[in-house]
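Here are my notes on this one, as numbered points. Have the model open as you go through them.

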Amino acid sequence: MAFDIDKYTSTSKKVVWGDLDFGSFETNPLPQSTLRSLRYMADVEYHTVCYLRDLLVTPSHKEADVSAFMTMWNREEFWHGEALSAVLAAHGVTLDFDQLKATRLKLGWKDRLDPIKQSLLGNIVGKDFIAVHMIWGAANEWSAVAAYNRMADLEQHPVLAELLRRIAKQEARHVAFYATQARDRLAKSKKAQVLARFALKNAWGPVGSSIMEPAEVNHVMGHIFAGEEGLREIRKLDEHISRMPGLDGLTIVETSMKKYGITAGAPLAA
Amino acid sequence: MPDHKEASARGEADLMHFPAPGFDVREYARNAAASHRDDLGLDTYRSNPLGAEALRIIRYLQVIERATMTHLRSVLVTATHKDARITAFLTTWAFEKYWIADAFEQISLAHRPEGTDVDRAPFITPSERTIRESIVANIIGVPMIAVHMTLGTIDTWLSQAAYRRLIALEPNAQLQKTIQTFLALKERQLEFFEAQSRYRLTESKQARAITRRRLKRIPWPIGAKAEPREETHFFFERLFGSARDLVAELDARIDTLPGQSGLSLIRKAAHQ
């Protein structure tokens, strides 16, 4: 089904939490390990603007629909960051703009080279590179939906759960855009399929793993995706991805989770 | 190392020690203006249409507003993107600009037969220079932020002047109302850009020199490259051809930015 960009942009809203009883965090606070995961998620959401940059240096931004989507998406993700940092603030954890700046400064040269690499690749490969971005985005957004919903289930905190589900709902709309774009573009081009397969297989990592410390990635992925239930979620993500044209048989999520030591507890069944 | 920081923990006496201290970015993000479609009064144009020249200007304004993402690209590949306060601002600014461009498009469409398709043609953007730009800008580092904030300042001044001229030349009540809304949005955006620009230019000699060099090379208005040269020519000719004093006034305002006097940027752009 086609993605209606006009409908998406005209209904794009910042996530709201003013109606939720944040006072309940005082009587029923979240455990430290959850706050640590939320901190990670907030950081990653705020970091969207840096991914946006990597997208913009390639031909992707020339397409009116893609450009419109990116404008809204970037803002929605910023607001997810704001919402999560409001939860943190209710627990006395502040996450201000200076701290985000510190995270970005730490990335150093890697961060400076990324757009150059992307730009070189994107401009050499041309239009087919957009397909890579779209499937990459889809994989990330699918992961985000799964992560937020799973965390809502795990925590059993009514206020947090409601907020996370609101965020997940917006992420699901992002999935719809990226997946529709990816499916169309992959279906049209064999070269795009080969490129996407190569990129996902060799370079994809859990959302946030390119910017956060490995110990943090480990904590969050373990928190959300460990155990039998978690493995089921991981495999669902791989199923979504491998159903795309030319990407059958890919198990990038399960493979990368294994790298971080996230398993079902027992050795994974083949 | 940056020669100043966006400190949040400083005392009130030191308030001026980070750029645009009075501008609450979070508040701005919270109150950003979204779609204007419900307030455009598009039906009124059916009985009281705009002239062909105004429509040509509106189309041009739409194209330069929607070129935001291209501009953002060259901003984000530099040290500017490290500053989370600035990216929070730019995220919201891009959102507001998207809806201004959308409004201009809707006004154009209201003058065409019903059911006319919107323009979905790929944007014309000069991409071949991104790599070089990005390398150079990263070597320059923090002073590039001054360049970007100054670009934002001057471009907003120019847009404001253009909007005012458009409604002076085309006294259509509905258009006036819409443009007034946009002028107010630009005013708020300007508050941030200008305070950032003045602060950063005042603080650093290097920032002043680099900004001066860069300003000379930029085609005005920002986004002009997304359109054929004759459209930019028409933009200046139609809006400022009989209002040379406004051009001089804009240049005089640019002169007040630390280290940027005597550039005559707008006069030169208008004469091309």
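1. Residues are numbered from 1 along each chain as its sequence is written, while chains are lettered from A and ligands numbered from 1 in the order in which they are written. Keep in mind that this is a predicted model, where local features need pLDDT of at least 70, side-chain atom pairs count only at pLDDT 80 or more, and totals for chains, interfaces and linings use all residues.

2. Confidence next. The predictor gives the complex an ipTM of 0.85 and a pTM of 0.88. Within chain B, helix α11 (residues 244-255) has the highest mean, 97, and helix α6 (residues 130-140) the lowest, 64. Residues 1-15 of chain B fall below 50, and this stretch has 19 contacts in the model beyond near neighbours in sequence. Where pLDDT is low, the predicted coordinates should not be read in detail.

3. How is chain A packed? Call a residue buried if 20 or more other C-beta atoms lie within 10 Å of its own, exposed if 12 or fewer, and partly exposed in between, with C-beta atoms placed from the backbone. Buried residues are then 47% of the 270 in chain A. Two residues are in contact if their C-beta atoms, placed from the backbone, lie within 7 Å. Of the contacts in chain A with a separation of 6 or more, 80% are between residues 24 or more positions apart.

4. On the core: a nonpolar core is a set of buried Ala, Val, Leu, Ile, Met, Phe, Trp, Tyr and Cys residues joined through C-beta atoms within 7 Å. The largest has 144 residues, and Ala131(A) and Tyr148(A) are among those with the most contacts inside it. Helix α8 (residues 128-155) of chain A supplies the largest share of this core, 17 residues. Beyond its neighbours within four places in sequence, Ala131(A) has contacts that include Ala182(A), Leu186(A) and Ala196(A).

5. Helix α5 (residues 64-89) of chain A has 21 of its 26 residues buried. Its length checks out, because 1.5 Å a residue predicts 38 Å and the end C-alpha atoms are 38 Å apart; the expected span is 1.5 Å times one less than the number of residues.

6. Over in chain B, helix α8 (residues 173-203) should span 45 Å, and its end C-alpha atoms are 44 Å apart, which agrees. There is still a kink of about 25° in α8(B), centred on Leu190(B); the bend at a residue is the angle between axes fitted to the seven residues ending there and the seven starting there.

7. Some backbone spots to look at. The peptide bond from Trp220(B) to Pro221(B) is cis, with omega near -10°, and Pro221(B) sits in the loop between α9 and α10 (229-240) of chain B. Gln156(A) is not a glycine, yet has a positive phi of about 55°; Gln156(A) counts as exposed because it has 8 C-beta neighbours inside 10 Å. Ser264(B) also has a positive phi, near 50°, and is partly exposed, with 18 other C-beta atoms within 10 Å.

Definitions and conventions:
Helices (H or I, at least four residues) and strands (E, at least two) are DSSP runs, numbered from the N terminus. pLDDT is the predictor's confidence in each residue, from 0 to 100.
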